[in-house]
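Please find below my notes on the model you sent. They go from the whole chain to single residues.

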Amino acid sequence: MNKATLFARTLILFASCHSLLANAGQENQFNIEIPTLSGSITVDGHFDEPQWENAATTEITIETSPGENITAPVTTEVKLYSTDTSLFLAFTAYDPTPSQIRANLSDRDSVWGDDLVGIKLDTFNDARLAYQFFVNAYGVQMDSIENELTGSESDAWDGIWYTAAQRTETGYQVEIELPYRVLNFDNSTEQKWGVELVRFYPRNEQHRLSSHQIDRNNSCQLCQFGVMSGMSSLEQGNDLQITPSVVFNRNSQRPLELNSDWESENNVEPSLDIRWGITPSTLLSATINPDFSQVEADAGQLDINNTFALFYPEKRAFFLDNKDYFDTQLNLLHTRNIVSPDYGIKLTSKVGDHTFATLATNDTHTNFLVPGNLSSDIASIDEKSQNFAGRYRYDIGKELSMGALVTAKTSDDYHNYVTSVDVKYQPTEQDTFIGQYVVSDTQYPLGFSQTLCSNDDCLPDINCDLNDCGVNERVLRTNSTDAIRGNMYLAKYEHETRNWDAIAQYQSVGEDFRADLGFIEKVDFSKFVAGGGYTWYPENSGFSKIRLSGDWDISHNQAGEKLEQEAEAKLAFDGLLQSYTAFGVVNRQRVGRRHDSASLAIENNTQMFDETMGWFYANMKPTRTLFVELDVNYGDSIDFANDQLGTKFLLNPGVRWNVTDSVKLNVSHVYRTMDVDDGRLFTANLSDVRLSWYIDIHNFIRVSSVYTHIERDPSLYQYGSPNKEQQNLGNEILYGYKLNPQSVFYLGYSDGLKSNDSIDSLMKTEETYFMKMSYAWIL
């Protein structure tokens, strides 16, 4: 028996000895039995149907933050009952000063900071995933999925459920219907779900109120749910959702040249999504030409003096549904790498302690990340590709999870195969061990590395030709006629108590490791991190939480050459006016760009720089209508373009002003400079302005502008001659109607303007008129 097998069996045996097969939710925390009643009701925010007279009744009585399990400052009554197809909830939120209730008409998932009521549900009662449903006093919905395995919380998932709210003389009340078809659960056993009822009461502080106590000495939040039982004969009906959509757009473009001509194109893009709940715990999804139309302008990003690829989140409904079933500690599946599929199919299921997930699509493009240890970038192959991902996880109670993931991305003369195994073990409420091991096999097309050439990456007086190509790290990482194989592993330990926490982590990624369906931007490195902190919870003070923390890390390439060493100290405060303030100091040693770009060596090929930087961040909500934040950075920073040390200054203020309950203004600005010995290298400004009018809970109009202005001194650039000045301006006006997340109508116009040294005033280079319609048929 090898050591790995012996270790796995020991974990299982030890876990069994600790009665890990018990349910995660604890009846001594909170226990409520839900009656099953017949007859439908109208979700209108009024509790006048007879079913509410026979519903289970409870209250939200405990403040868990900032107070630590003290009596809630306000009263919240909750009624719950079940039918065969839905769970119904009625919240009565009393308020001593109803005029101070914070509520706004807004986008779905964007009312954090408002008065909210809601429920968290662990439908398998195994402390792995929890659905979260919250509603504000206007009926605006927020839903998300909390993943205990990865410690993440994602609001990208959107279910179709129904809400209504009413303001009253004593506060507000909310009525909710959660159809069982939006939930995954095991209908073969008696229903005992983990549950927490929650109210957020934001005033001078953000009060979090709960149906039961939360122990800060227990690092597992989902393990502390109460139990909801009694629901019987649950059905999902046919649980078939068909969502056709169509996007019409007219796009016109022209190059940034004087007297250039416009080229216009009309496009019609139909698509179809099908979602079939075969059983309450098994979901089959399919898509044809999944919609990826960009109907709202992305938040502006200032990409300057950056050597690694930017991350963009997934937005397509097909890929987001049950996305958490594929998650591991490492980001090995990032579906934005599947750019333009014609079709896709996905099957996810949970049976007892076993979770399965598979995904298969084609792609009319083949895009992937070419990683390195000093830079990364997106690359493309002009071929169609096939993509596959499969995940299995075995949960032994709430303390132990073991899993495996495989991914494959292939085309005619290219492939990338990835196989991973992972384990998460929590022997106590305070301790967590995490391990993951991954191997990959990659074959690039013949001559592919030549397509990544760039003579601009070569420094002067250095012979960096490779087959008459300007060599860069991307070229060297892909210059192989044979398949390359690499591995990656992660070992992590976390200890978290009420006041103390500590972490130690070691990660190693081989130089030939690739995860082309994931987002692993760094390879050929190993990194060790150790850190921790102490948290105070003062009473009768202007601060509700004070945290002092720090960490130290060191990174080398696989040849043992040092890439970076960093130490950071941080002090943070939660206080009055719903404020958060943090500041810290970072000292870092790290290498700049390679002198000889034809070599991957670090020693005698790079310069080690010593950076010291201070940073400050603060936000607060001083009134019910105003939120302000400020981010400041100042100190040493490597100028990667010229391989020298400079001084960085970043100022990033932001304001969110609810002019009325239905009109919102968001303004943010980034001001960034880099100074070097001979003067100001660059000054960059980015302004993002968005004005939204929410006509009602379904209709809105938004006007947005994102403006970027970068000024450089070309005489200070040693290895190139960039534009002295460049500007970009993107504008959009959008009307939207959302019946639910999948039934929408959008109508809008957007344009783009640019300028540079040759065209010194903003010139329109792109404009688009677009319309999108989709409707979710629920059968």
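**Notes on the predicted model**

1. Among contacts (heavy atoms within 4.5 Å) in the protein chain between residues at least 6 apart in sequence, 62% join residues at least 24 apart. This is a predicted model, in which local features need pLDDT of at least 70 and side-chain atom pairs count only at pLDDT 80 or more, while totals for chains, interfaces and linings use all residues. Residues are numbered from 1 along each chain as its sequence is written, and side-chain values use heavy atoms, with hydrogens and water left out.

2. The secondary structure of the protein chain consists of three helices and 42 strands, where helices (H or I, at least four residues) and strands (E, at least two) are DSSP runs numbered from the N terminus.

3. The radius of gyration of the protein chain is 27 Å, which agrees with the value near 28 Å that a compact globule of 779 residues would have; the radius is taken over C-alpha atoms, and the globule rule is 2.2 Å times the number of residues to the power 0.38. The C-alpha trace spans about 85 × 70 × 55 Å along its principal axes.

4. Of the 779 residues in the protein chain, 52% are buried, a class that means under 20% relative accessible area, with exposed over 50% and partly exposed in between (1.4 Å probe, protein chains only).

5. The whole structure holds 30 aromatic pairs, counted where rings of Phe, Tyr and Trp (its six-membered ring) have centres within 6.5 Å; planes under 30 degrees apart count as stacked, over 60 as edge-to-face and the rest as tilted. The pair of Tyr444 and Phe448 is stacked, because the ring centres are 5.5 Å apart and the planes stand at 15°; both Tyr444 and Phe448 are buried.

6. A tilted pair is formed by Tyr580 and Tyr617, at 6.4 Å centre to centre and 50° between the planes. Since Tyr580 lies in strand β32 (residues 579-591) and Tyr617 in strand β33 (residues 608-623), this pair ties together parts that are 37 residues apart in sequence. Tyr580 is partly exposed at 24% relative accessibility, and Tyr617 is partly exposed at 22%.

7. One aromatic cluster is made up of Phe47, Trp52, Tyr81 and Phe88.

8. Ser668, placed in strand β36 (residues 663-676), is partly exposed, with a relative accessible area of 29%. Leaving aside residues up to four places away in sequence, Ser668 touches Pro653, Gly654, Leu686, Ser687 and Asp688. Arg656 is twelve residues from Ser668 in sequence and 8.6 Å from Ser668 in space, C-alpha to C-alpha.
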